[in-house]
Amino acid sequence: MLGVAAAAVLALPLAAPVYHVLLMLPFMAYAVILLGLNLLFGYTGLVSFGHALFMGIGAYTGAVLTTHFGVRSLELILLTAAALGALVAAPVGALCVRYVKIYFSMLTLAFGMLFYTFLLKFYRLTGGDEGIRVLRPSLLGFDLEALAKIDYLAGPYYYYSLGVLALAALVMWRIVHSAFGLCLRSIRDNPAKAEALGISIARYRWYAFVISAVYAAAGGALLGPPTGNVDPTLAYWTHSGNIVFMTLLGGFASFFGPVLGAFVFIFLQDTVMSVVPYWRLVFGALLAFLVIFAPGGLMGLFAGRRPGEVSRV
Amino acid sequence: METSRREFLKGVGVAAAGSAVGFPAVVSAQARKGVPSGPVKIGVMPIRAGVAAPVGAAGQRGVEWWAERVNKAGGILGRKVELVFEEESNPKDTLERFRKLALQAKVDVIVGGISTAVGLALGPAAEELKMLWLSWDGTTQKGVEETMPNPTYAFRSVDNEVEAIGGALLTAKYFKGVKTIAGINNDYSYGHDCWETYQAVLKRYTPGVKSVLELFPKLGVTDFTSHIAAIQQAKPDLLMTSFWSGDTTILMKQAAAVGLFKTMKACFTTGGGVHDSLKKEFTPEGLILGYNSMYFNHAGASPLLKQFVREYKAKYGEYPPYECDHGYFTVESYKAGVEKAYKAAGEWPSKEQVAKALEGIEVESLSGKRSWRADHVQMCNFFQGITTHKNAFDFVTIDPVEVLPTAKIMKPTTSTKLLDWINATFPLKG
């Protein structure tokens with residue numbers, strides 16, 4: 001199944017209409033973000049409503065580096081975004097992981113909104129509501145300026161994003177299937193028992209938080225170039241809500257569930273927005289349906305999991 | 001191109017129907033050389049959620065009214081007009097919708113765009129996709145300078161600051177004794193730019209005028225009691241605001257509750273955007289109120305505007321705000337551009353030919369004559385005046401009405417620095 005999906009994604013630019021190829025760009029960026037978010041959500045049991053903070057950091061890193069510092073290398077942008085994401089996540093995470101459940105969620109939301117307010121208020125520095133432009137980054141040392149933007153996005157940028165996603169998925173796979181990943185799951189399932197076994201709960205949660213922030217920042221950096229402009233809505237809490245929605249849609253109990261969620265969310269939104277002016281109502285109803293009848297998301301439905309089983313995961 | 005019997009009869013039918021409803025008889029598409037038979041697809045991007053949703057709806061209604069009339073009259077060069085809607089929201093999603101219209105729906109032109117942040121993303125995208133884009137609204141100075149310095153396909157709205165410039169001119173004219181001012185503007189680029197511009201122009205007329213308070217509540221805030229208390233405390237001679245959405249009405253109501261405008265003058269540069277919610281019971285006479293580029297009750301209104309106002313009221317139960325005119329103008333100018341380019345080319349023109357034809361074109365819009373400057377900037381008149389209760393409505397209107405042309409109150413080129421131009425231009429002579 002995974003092989004078929006990978007082959008389809010590889011062949012897509014050759015066969016699909018260019019618009020659908022371009023829609024895959026936010027999908028791949030969100031897929032990277034969600035792999036990280038799910039380390040926190042699905043594997044550690046912490047629901048963050050503030051990850052737009054890190055997506056914003058990643059997106060603005062690309063904008064500032066390309067516009068103000070003349071740095072065009074996407075590798076450098078991704079590395080800087082990841083480093084800045086980790087740098088901010090370290091103190092924020094240290095404070096947040098002291099809490100769980102709704103308190104953790106609310107605290108992450110608060111930090112996310114702090115950053116959003118910073119972006120909005122520091123008008124001269126951040127461009128305020130108008131944001132900052134993102135100039136076309138070079139890929140692996142090739143500047144590719146001669147290509148038309150659409151060709152650049154639907155060709156080299158597409159495969160570059162796919163490469164980043166594949167690498168991110170591989171690393172995350174290793175993380176969640178390592179002893180460290182096992183520790184996170186044991187913390188999620190029974191923190192008291194995990195602590196009794198000698199696992200430092202706060203430290204492991206903090207590790208998970210920082211790793212997920214690195215993923216969110218890297219994914220955020222990938223979101224910027226296709227739009228060509230970043231703005232504070234990327235760091236707004238509804239953006240955090242969207243990625244939680246994608247995770248629920250695909251299923252947080254599965255490694256690839258959130259990735260599937262991102263794919264379905266983006267293509268469903270694309271269709272519903274064109275057909276129904278009140279598409280938000282449709283998505284609200286879908287979210288309610290998921291939570292009540294299919295908490296395991298699409299992957300849960302495929303696997304035939306009953307809601308009770310999933311909610312215990 | 002041969003015309004089949006069925007196509008001929010269809011053409012005759014359209015012409016007969018056109019005559020019956022009072023429009024000039026039209027020639028069917030097939031009779032025009034080099035004109036494709038399918039419909040002209042126009043992408044429309046209104047905002048549909050949040051505080052700007054009513055503005056988006058007004059722009060959409062202006063376009064729909066235009067399309068209905070044009071189709072009744074036989075379309076553009078005989079081609080029916082088909083509207084394809086996609087929503088304007090945040091820059092990222094709007095850009096995706098824009099690409100969908102261009103690449104998937106394959107529209108001939110896209111109109112819409114109200115937020116400057118969105119415009120900053122759409123401008124370069126229009127050029128990349130070689131897609132004609134006629135913006136409705138929303139171009140702050142950053143948009144003016146950055147969106148599209150030398151565009152081929154993108155046409156942008158009026159500089160946003162002209163409303164503040166107009167408001168300052170009226171302040172200098174009608175409220176001569178003003179020495180201290182306070183500003184309450186939304187906390188985003190439009191609000192900040194308008195406040196700075198208003199002060200800069202006013203200082204050219206009253207050099208000693210002093211700002212005693214500046215407030216920047218978030219867009220969408222609905223409680224201004226603490227702001228009003230601060231304004232009362234600061235005791236300015238005049239309060240200036242560029243509020244344009246429902247917050248105008250809320251501010252007016254809450255200000256009326258404490259009699260704020262009994263002790264100071266006020267200048268609402270853009271409040272006419274929600275004009276029929278400014279009821280007489282809480283909106284005093286004697287305030288400056290701006291209606292942007294269309295004043296529904298203008299004494300010199302054209303038959304077109306009168307008909308639009310009448311039909312809009314009958315259909316929606318309210319009086320049209322200015323965004324209708326932005327919507328109408330963009331599509332009407334597109335039609336005129338196609339017809340002009342067709343005359344030169346002898347066939348349905350390419351997007352490049354239409355873009356060229358649009359440069360400098362002038363058309364009859366709802367508000368009167370409107371045009372595109374050669375560098376792709378909208379030109380029009382702005383309507384501002386002093387609020388009055390002397391009318392047949394339950395809300396305020398303005399009298400006298402000052403008509404402020406963008407040729408006078410907007411900087412002449414995109415590269416000109418706004419403050420330099422203000423200092424060199426004002427006070428206006430004559």
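Why is strand S6 of chain B largely enclosed by the rest of the structure? In this predicted model, strand S6, which spans residues 180-184 of chain B, has 4 of its 5 residues buried, so the strand is largely enclosed by the rest of the structure. Strand S6 of chain B is joined in the parallel sense, over 5 bridges, to strand S7 of chain B, which covers residues 210-215; within this pairing, B:Ile184 has B:Leu215 of strand S7 as its bridge partner.

Chain B also holds an open sheet of 5 strands with parallel pairing, arranged in the order S2-S1-S3-S4-S5. Its edges are formed by strand S2 (81-85) and strand S5 (154-155) of chain B, each of which pairs on one side only. Strand S1, residues 40-45 of chain B, pairs with strand S2 of chain B in the parallel sense over 5 bridges, and B:Gly43 finds its bridge partner in B:Val84 of strand S2. Helix H3 (residues 91-104) of chain B lies across S1, S2, S3 (109-112) and S4 (133-134) of that chain, and runs at about 175 degrees to strand S1 of chain B.

The domain assignment of chain B gives domain 1 as 32-158 + 301-379 and domain 2 as 162-292 + 381-425. The C-alpha centres of these two domains of chain B lie 28 Å apart, and 21 residues of domain 1 are in contact with 27 residues of domain 2. Between the two domains of chain B an area of about 1900 Å² is buried, of which carbon and sulfur atoms give 62%. On the side of domain 1 of chain B, B:Val51, B:Tyr319 and B:Tyr322 supply 30% of the area buried against domain 2, more than any other three residues.

As to side-chain packing, the largest nonpolar core comprises 116 residues, of which A:Tyr30, A:Leu35, A:Phe209 and B:Phe98 touch the most other members. Helix H2 of chain A, residues 18-41, contributes the largest share of this core, with 19 residues. Apart from this core lies another, of 115 residues, which includes B:Ile47, B:Trp65, B:Phe296 and B:Tyr319. In soluble globular proteins, nonpolar side chains tend to be buried together. When neighbours within four places in sequence are left aside, the contacts of A:Phe209 are A:Leu40, A:Phe54, A:Ala89, A:Val92, A:Gly93, A:Cys96, A:Val97, A:Phe104 and A:Thr108.

Notes: Residues are numbered from 1 along each chain as its sequence is written. Chains are lettered from A and ligands numbered from 1 in the order in which they are written. This is a predicted model: local features need pLDDT of at least 70, side-chain atom pairs count only at pLDDT 80 or more; totals for chains, interfaces and linings use all residues. Side-chain values use heavy atoms; hydrogens and water are left out. Two strands pair if DSSP finds at least two bridges between them. Helices (H or I, at least four residues) and strands (E, at least two) are DSSP runs, numbered from the N terminus. Contact means heavy atoms within 4.5 Å. Axes are lines fitted to C-alpha atoms, for helices over the stretch in contact, and angles run from 0 to 180 degrees between N-to-C directions. A nonpolar core is a set of buried Ala, Val, Leu, Ile, Met, Phe, Trp, Tyr and Cys residues joined through side-chain atoms within 4.5 Å. Buried means under 20% relative accessible area, exposed over 50%, partly exposed in between (1.4 Å probe, protein chains only). Domain bounds come from an automatic or database domain assignment. Buried area is the accessible area (1.4 Å probe) that two parts lose on being put together, summed over both.
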